[in-house]
Amino acid sequence: MEVIVQTNDKKVARLTALVMADGLREKPNLVLGLATGRTMESVYAELVRIHKETELDFSACTTFNLDEYVGLVESDPNSYRSYMNKHLFEHINIDIANTHLPDGMAEDYRAEAQNYEDLIAEAGGIDLQMLGIGRSGHIGFNEPLSALFSRTREKALTRSTIEQNSPLFDSPEQMPTHAFTMGIGTILDANRIMLIATGHEKARIIAKAVEGPVTAMISATALQLHPATTVILDEAAASGLEGVDYYRWFFRKEPEWQKYRKEIQ
Ligand code: F6R
């Protein structure tokens with residue numbers, strides 16, 4: 001696991017978007033795994049800016065989102081399909097037929113989950129998977145005690161996740177209690193993973209996820225088993241890490257980050 005610490009959340013978003021853009025330039029038919037949530041909003045805003053400024057081409061790109069709420073139609077303003085349209089897809093030249101989220105209205109949960117796994121496999125697997133982290137330590141909606149090798153399935157949300165996300169709904173009771181989510185095993189199959197976290201409220205869980213023991217109680221600790229995971233944090237989210245000096249030094253010294261250091265000044 002590689003940990004990158006930036007002075008503020010703007011630099012986190014800029015750096016993350018630059019790495020995503022380079023991934024797409026290197027492989028125009030990139031298969032991207034996408035996350036929703038507040039943290040990703042500024043990353044997508046940066047990506048849209050890069051697309052407009054440099055004509056970054058998404059026409060051959062395929063995307064798979066991590067999750068979708070059970071019981072919300074695509075057109076519901078709180079569905080993750082609506083989120084993705086609003087924050088990314090409507091502003092770039094992606095073919096909407098190449099963008100995938102689980103169908104929150106599917107009646108046969110098992111069949112929908114298997115179908116999603118099959119679609120990812122048919123696309124050749126995920127090249128770059130983006131992740132946020134919930135207060136419960138979830139990645140996707142893999143709540144505590146999700147099996148570390150779990151696959152896409154329907155999952156009951158914890159009280160902490162419901163408290164985290166219900167303010168986004170007109171009334172808290174409208175927040176669904178279940179979601180489809182890629183499993184931890186599905187996520188770990190990606191070639192490269194980037195987890196983004198900003199703000200003091202993520203510091204405690206980031207310290208556990210990055211430097212704590214691997215445990216099914218905190219899904220994000222499974223990323224320690226992945227050979228190519230980068231965690232990008234602002235100083236606030238990194239404030240509970242014991243190795244933060246080493247992580248800062250690493251970003252200053254490692255040649256592969258040099259060009260990004262200049263671009264985010
Ligand atoms: C969203 C998702 C979640 C979020 C996490 C952080 O698709 O899979 O794991 O990434 O809950 O959300 P924010 O960024 O709103 O704190």
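Guide: Helices are DSSP runs of H or I with at least four residues, strands are DSSP runs of E with at least two, and both are numbered from the N terminus. The model is predicted, so local features need pLDDT of at least 70 and side-chain atom pairs count only at pLDDT 80 or more, while totals for chains, interfaces and linings use all residues. Residues are numbered from 1 along each chain as its sequence is written, and side-chain values use heavy atoms, with hydrogens and water left out.

Visitor: What makes a space a pocket and not a cavity?

Guide: Both are sets of points on a 1 Å grid over the protein atoms alone; in a cavity a 1.4 Å probe fits but cannot get out, whereas a pocket is an open set with protein on both sides within 12 Å along at least five of seven lines. The largest pocket has a volume of about 760 Å³, a volume being the space filled by probe spheres set on the points, which are joined across faces, edges and corners.

Visitor: Which residues line the largest pocket, and which lie nearest its centre?

Guide: A lining residue has an atom within 4 Å of a point. The lining holds 39 residues, and Thr-36, Gly-37, Arg-38, Thr-39 and Leu-168 lie nearest the centre. α1 (9–26), α2 (38–54), β4 (67–69), α3 (80–87) and α5 (159–165) each give two or more residues to this lining. α2 gives the most, with six.

Visitor: What lines the second largest pocket?

Guide: Its lining includes Val-19, Asp-22, Asp-127, Arg-192 and Trp-257. α1 gives the most to this lining, with four residues. The volume of the second largest pocket is about 220 Å³.

Visitor: Why is it said that α2 and α3 are in contact?

Guide: Contact means heavy atoms within 4.5 Å. Met-40, Glu-41, Tyr-44 and Val-48 in α2 meet Tyr-83, Met-84 and His-87 in α3, so these residues count as a contact under that cut-off. The axes come within 10 Å and cross at roughly 40 degrees; axes are lines fitted to C-alpha atoms, for helices over the stretch in contact, and angles run from 0 to 180 degrees between N-to-C directions.

Visitor: Why are β4 and β8 called paired?

Guide: Two strands pair if DSSP finds at least two bridges between them. β4 and β8 (residues 178–181) have three bridges in the antiparallel sense, so they qualify as a pair. In one of these bridges, Glu-68 has Phe-180 in β8 as its partner.

Visitor: What makes β4 and β7 edge strands?

Guide: The open sheet has the order β4-β8-β7, and β4 and β7 (153–156) each pair on one side only. The twist averages 30 degrees from one strand to the next.
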